[in-house]
Amino acid sequence: MSMFCLVNQKIAGFWKQIFGAFPQRDGTRLYYPAVVGVLFVSAIAFPATAQEPNIELKIGVVQRFGEEATERLTLQATEGDRLTLKFLGGDRQPQTLQTTSVVVEALVQNISPPKLAEKIILSNHRSFETAEDNALNWRKQGIAVEIAQPRRWQVWAKRDVYRTPLLRRLLLESLQTQSKSAAYLDSQAQAQQLKISWVLNGNRYSREQMEIVAGKNVIEVKQGKVGTTKETSNLYAGKLQLQPNAYHTYTLVNHVPIETYLRGVVPHEIGPGAPYNAVEAQAILARTYALRNLRRFAIDNYELCADTNCQVYRGLKGTVSTADRAIAATKGQVITYKNELVDALYSAATGGITAPFNDIWNGQNPPYLQPVVDSAGKVWDLSKQPLGNEENLRQFISLKKGFNEDDWSMFRWSRESTLPEIEEFLHRYLKRINHTKTKFTKVQEVKIVKRSPFGRILKMSVQTDGGTIELEKDDIRSAFLAPLSTLFYLEPIYNADKTLKGYAFIGGGMGHGVGLSQSGAYHLAKIGWSSQKILSFYYPGTELQPLSDRLVFWQEPSLPSQK
């Protein structure tokens with residue numbers, strides 16, 4: 001199936017040649033028909049005859065171009081090379097232009113009469129993982145949904161199903177009878193719209209999409225603002241495509257083979273000076289993570305982003321020889337559990353114990369993402385001293401030595417927030433998620449309500465003069481500025497007159513803490529552990545395998561059968 005349903009076969013063939021086919025659904029599996037060269041993926045696996053599988057990924061390297069009308073992209077060929085631009089002309093016929101450089105700007109056009117833009121937002125989330133579980137719960141209720149990321153992750157009522165104002169309002173009315181539903185209608189009358197615009201040979205072009213390729217297969221991308229000289233710059237291998245997204249802006253998508261993609265990920269995730277075996281472990285994880293998560297941006301017709309909402313990807317800028325060697329040495333290797341790619345989650349530091357999946361997010365709890373005391377020795381016995389006990393947790397946090405991360409600055413931390421700071425940050429968070437309890441002026445008390453047996457906070461409450469606000473799991477880090485993880489405890493801070501001034505957040509680790517600790521992997525590599533041993537430590541029960549047709553990339557949890 002081509003990307004667009006175009007009547008004209010010549011145009012359809014042109015688009016298919018340019019853009020290939022995006023991931024499709026086949027039952028509950030990811031179907032990915034377009035890859036590099038002659039390699040094709042049936043369902044979500046490789047043919048057994050493929051010797052060097054190298055899937056082409058679609059990475060959103062500039063996700064929301066045009067949010068500000070002064071934004072500008074400069075796409076430039078390397079020395080001695082030329083760019084080829086491909087797009088549909090005003091007559092809807094394929095058009096090709098060549099140049100050494102093109103400047104793309106966001107052009108604002110007036111719409112008369114204004115156009116109604118509406119969607120039902122069912123929920124807001126810090127992470128894709130919880131958004132995906134929430135989407136599954138809506139589908140269990142018979143509601144078609146899609147996952148979006150305008151900034152935070154959101155679950156929307158599927159726009160092509162609830163496509164009229166009447167259908168949207170009927171759905172919202174039905175949902176509002178459920179007291180726990182936070183669904184709301186996002187309705188805007190748009191008097192303006194954005195179009196991408198560029199000038200070549202004295203002619204101005206404004207088209208919905210454009211593909212850019214270079215003869216030497218490398219393109220420099222500079223991003224800045226009109227009227228300024230300050231720009232960020234990156235080099236990208238493969239081709240680029242500028243295309244509209246679901247937020248009335250544009251995305252610059254890099255089509256890049258996965259092994260080349262890893263060159264722009266591994267050194268930026270694990271660090272350019274990491275010990276070699278830690279770099280190998282990171283290369284295997286980054287490859288596994290990418291292939292497992294191809295579905296993340298289906299709503300916008302690409303697969304992965306280039307920031308910490310996926311994996312940090314910076315193209316060919318900052319590549320290092322150690323990472324390149326590790327990528328080559330592990331080519332095609334992925335980590336699996338029962339012949340399915342694992343959810344290859346990792347973070348900067350665990351704080352001394354990895355978190356089970358369900359301590360951070362909602363959803364299925366994989367058996368390989370269970371708590372592991374992050375030490376090569378025996379520093380703590382969870383069976384005798386569970387960390388759900390507050391006294392045990394405080395004793396655990398007081399330990400400074402014996403862990404894989406104990407020489408890292410964020411292994412243990414203490415950060416203070418005054419009540420006004422807590423109030424300000426909480427207000428921002430509640431406004432972002434469209435929470436109903438935003439009209440408070442004072443925070444009176446912050447409490448930990450529920451803690452996991454493995455130390456992570458599962459629920460907190462904030463008592464305000466406008467009522468009690470409950471926070472759960474990873475949203476706790478969105479609602480407060482101070483904590484670097486959810487492995488912490490609170491100490492109240494008092495003024496001289498013994499009134500409450502604020503709180504000290506005292507804890508360990510940085511990030512979600514699920515799966516591999518990057519700082520822990522440093523230590524394990526330094527004491528001689530192989531990459532395979534490091535991965536087995538953080539993902540017990542898993543296997544290292546080459547990509548093959550036996551492996552499932554990802555499979556959606558099954559919905560209950562309809563009777």
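1. Basis. The model is predicted, so that local features need pLDDT of at least 70 and side-chain atom pairs count only at pLDDT 80 or more, whereas totals for chains, interfaces and linings use all residues. Residues are numbered from 1 along each chain as its sequence is written, and side-chain values use heavy atoms, with hydrogens and water left out.

2. Helix 2. Helices (DSSP runs of H or I, at least four residues) and strands (runs of E, at least two) are numbered from the N terminus. Helix 2 has 13 residues and spans 18 Å from its first C-alpha to its last, close to the expected 18 Å; the expected value is 1.5 Å times one less than the number of residues. Just after this helix, Gly-142 adopts a positive phi of about 85°.

3. Burial of helix 2. Buried denotes under 20% relative accessible area, exposed over 50%, and partly exposed in between (1.4 Å probe, protein chains only). Ten of the 13 residues of helix 2 are buried, so the helix is largely enclosed by the rest of the structure. Among the buried residues are Phe-128, Asp-133, Leu-136 and Trp-138. Their cover includes strand 7 (101-125), strand 8 (145-148), strand 9 (153-157) and helix 3 (165-176).

4. Glu-132. This residue belongs to helix 2 (residues 128-140). Glu-132 counts as buried because its relative accessibility is 17%. Contact means heavy atoms within 4.5 Å; leaving aside neighbours within four places in sequence, Glu-132 is in contact with Ile-147, Arg-295 and Trp-554. The C-alpha atoms of Glu-132 and Asn-362 are 8.8 Å apart, although 230 residues separate the two along the chain.

5. Strand 15. Five of the six residues of strand 15 (residues 239-244) are buried, and the strand is mostly covered. Two strands pair if DSSP finds at least two bridges between them. Strand 15 pairs in the antiparallel sense with strand 12 (residues 210-214) over three bridges, where Leu-240 is the bridge partner of Ile-212. Strand 15 also pairs in the antiparallel sense with strand 16 (residues 250-257), over six bridges, and there Pro-244 stands opposite Tyr-250. The hairpin of strands 15 and 16 has five residues between the strands, and His-248 takes a positive phi near 65° in it.

6. Aromatic pairs. Rings of Phe, Tyr and Trp (its six-membered ring) pair if their centres lie within 6.5 Å; planes under 30 degrees apart count as stacked, over 60 as edge-to-face and the rest as tilted. The whole structure contains 20 aromatic pairs. One of them, Phe-480 with Phe-505, is tilted, at 5.6 Å centre to centre and 50° between the planes. Phe-480 lies in the loop between helix 10 (475-479) and strand 25 (488-494) and Phe-505 in strand 26 (residues 500-508), so this pair ties together parts that are 25 residues apart in sequence. Phe-480 is buried at 2% relative accessible area, and Phe-505 is buried at 0%. The Phe-537 and Tyr-538 pair is edge-to-face, because the ring centres lie 4.9 Å apart with planes at 80°. Ring pairs also link Phe-128, Trp-153, Phe-297 and Tyr-302 into a cluster.

7. Charges over rings. A charge sits over a ring if NZ of Lys or CZ of Arg is within 6 Å of the ring centre and within 35 degrees of the ring normal. The charged end of Arg-325 sits over the ring of Tyr-276, 4.1 Å from its centre, and that of Lys-533 over the ring of Trp-529, 4.3 Å from its centre.
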